[in-house]
Amino acid sequence: MILFAVVVVSIVTLVHFTASKIVAEQSRAQQQSISPAISLIVDQLLKPLHVSQTLAEAKELKDLMKNPEVDEKTVFEMLRRLELEFDMEFFIASDLTRMQYNSNGTKLALVEGKVDWYFRYKEWQQDAIADIGQWEDPNFYIDLKVYDDKKFVGFFGISKSLDSFVDIFAQYKALHGYDFIFVDQDDNIALSSDPELIVNKTVFTTLQSLEWYEGLSSERIAKGSLNNALVSINGKDALIAEVKVDPFGWTMYLLTPLQARQTEISRSFIVSVVTLLVIIFALFFLIYHLLYHFKKDMQKNFQTDPLTRLPNRNKVELRYAEMLDKKQSVGLILIDIDHFKTVNDTHGHNAGDQVLRQIAKLLQNQLRDGDVVGRWGGEEFVLLLPDTTADQAFEVAQKLRENLAKMTASTGSISLQVTASFGVSHTDTERALTDLLGYADDALYQAKRDGRNMVKMQLAKAA
Ligand SMILES: Nc1nc2c(ncn2[C@@H]2O[C@H](COP(=O)(O)OP(=O)(O)OP(=O)(O)O)[C@@H](O)[C@H]2O)c(=O)[nH]1
């Protein structure tokens, strides 16, 4: 019952412990994959945005852009200075001169119908726009509207070659093992760790055209967020984390391969299970041993005489049954201390107890392994001698009688001699113990009657 309870409690603990460990592991893995992605967004997109936003507010820039007599030399000088300082390429698109100046020293006339982005974004509500353009060498642009007293005077921004992103993304992928894609407001893939997905000659790949996206259920798509969606990419499961890049209205999808996480989770699962199994087995073992020893102790107490620590009647009966089972012949000796009442009466009951203990010890010391000496009750002892003939049993009794008579029992300051009378019986057939005891008791009675301190034997009459 106790063991059952231990096992049930352990299993419940195991399940609880493992489940919480898995949840913790899942969250840790989720966080682990998201945090480098966040720092990627911050480094590659938000930092340039903040730098350009701060510069777009600069008075020097506004003064330059509102001046109809643009001093191109000053403009290029300023852009070059910014490029050196921030290690990014900058541009100014002036509404007044309809000219775009780049920090690499080039310029481009902003002609309607030819330079599409300028006229399109000018009409947009948004002040910050992220965009991919310049198709000969595709660039990532951040275009910021510049106002002078609320009057639109043009765009200021940064540009970054897509090739530079490809390298950085490849490094991230190698380090963290996941793929990611940035999609713009129109679900065009603007940036991705997969170079194949990046714009090619003005043709964008759309999110909807991706194989894994097509595999999503309609309910999943209807939810409006792909966060935590499980998708299959080239036959391998991946989990999606969706991160909004608000300033541009972009969204980043982080695709974490599940295999790596599963290995990590199953490793921690195995560790938990093994730990708990060890605990369960240790508990099981401990309780089993406690119960075993408890049972043994109980049994021992139940079968042991408390005064002499010799086997009691119960134990003697068991041992006799074992000898019969083994088809052994048995010599039985019944011993009764002579005039023991006098010992008690003269020296007290405690002294009598001590004498009984010393006699028990002497009997124990004289016997062979396999012989049994027990206390039959009061001042009576019984001996079982397996595989012994009647004559041998008689001789053993004689020897014991002599040794007992020679023994000096000491009880505190008093030393005294005791003798005992012996009744011997024997059987080499399956005879009841009471019968054998009956014969030994008769023999003992004779020994008492004939003067005590002697051995008498009575054998069963042949049937
Ligand atoms: N101290 C002590 N005495 C016990 C114990 N069990 C029995 N006795 C005593 O043993 C004595 C047995 O006395 P009796 O049966 O009259 O026999 P006896 O005095 O030994 O005389 P015989 O047997 O005729 O030689 C009694 O006084 C019991 O009280 C015990 O555990 N401790």
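Q: Which residue takes a positive phi in the hairpin of S7 and S8?
A: In this predicted model, Asp-187 does, with a phi near 65°. The hairpin has 5 residues between its strands.

Q: What makes S7 and S8 a pair of strands?
A: Strand S7 (residues 179-183) and strand S8 (residues 189-192) are joined by 3 bridges in the antiparallel sense. Pairing requires at least two bridges, so 3 bridges qualify. One of the bridges links Val-183 with Ile-189 of S8.

Q: Which residues make the contact between H11 and H12?
A: H11 contributes Ile-359, Leu-362, Leu-363 and Gln-366, while H12 contributes Leu-400, Asn-403 and Leu-404. Sorted by class, the contact has 5 nonpolar and 2 polar residues, with no charged residues.

Q: What makes S13 and S18 the edges of the open sheet?
A: The sheet has 5 strands in the order S13-S14-S12-S17-S18, and its pairing is mixed. Strand S13 (372-377) and strand S18 (455-457) each have a single partner strand, so one side of each lacks a neighbour in the sheet. On average, neighbouring strands are turned by 20° against each other, direction ignored.

Q: How do you know that S12 and S14 pair?
A: Strand S12 (residues 330-337) and strand S14 (residues 380-386) share 7 bridges in the antiparallel sense. The requirement is at least two bridges, so S12 and S14 count as paired. Val-330 stands opposite Pro-386 in S14.

Q: Which strands does H13 touch where it packs on the sheet?
A: Helix H13 (residues 433-449) touches S12, strand S17 (420-427) and S18. The direction of H13 makes about 145° with that of S17.

Q: Which residues come nearest to the ligand?
A: Of the 16 residues around the ligand, these are Asp-338, Phe-340, Lys-341, Gly-352 and Gly-378. Elements giving two or more residues to this shell are S12, helix H10 (340-347) and H11. H11 supplies the largest share, 4 residues.

Definitions and conventions. Residues are numbered from 1 along each chain as its sequence is written. This is a predicted model: local features need pLDDT of at least 70, side-chain atom pairs count only at pLDDT 80 or more; totals for chains, interfaces and linings use all residues. Two residues are in contact if their C-beta atoms, placed from the backbone, lie within 7 Å. Ala, Val, Leu, Ile, Met, Phe, Trp, Tyr, Cys and Pro count as nonpolar, Asp, Glu, Lys and Arg as charged, and the others, Gly among them, as polar. Axes are lines fitted to C-alpha atoms, for helices over the stretch in contact, and angles run from 0 to 180 degrees between N-to-C directions. A residue is near a molecule or strand if its C-beta atom, placed from the backbone, lies within 6 Å of it.
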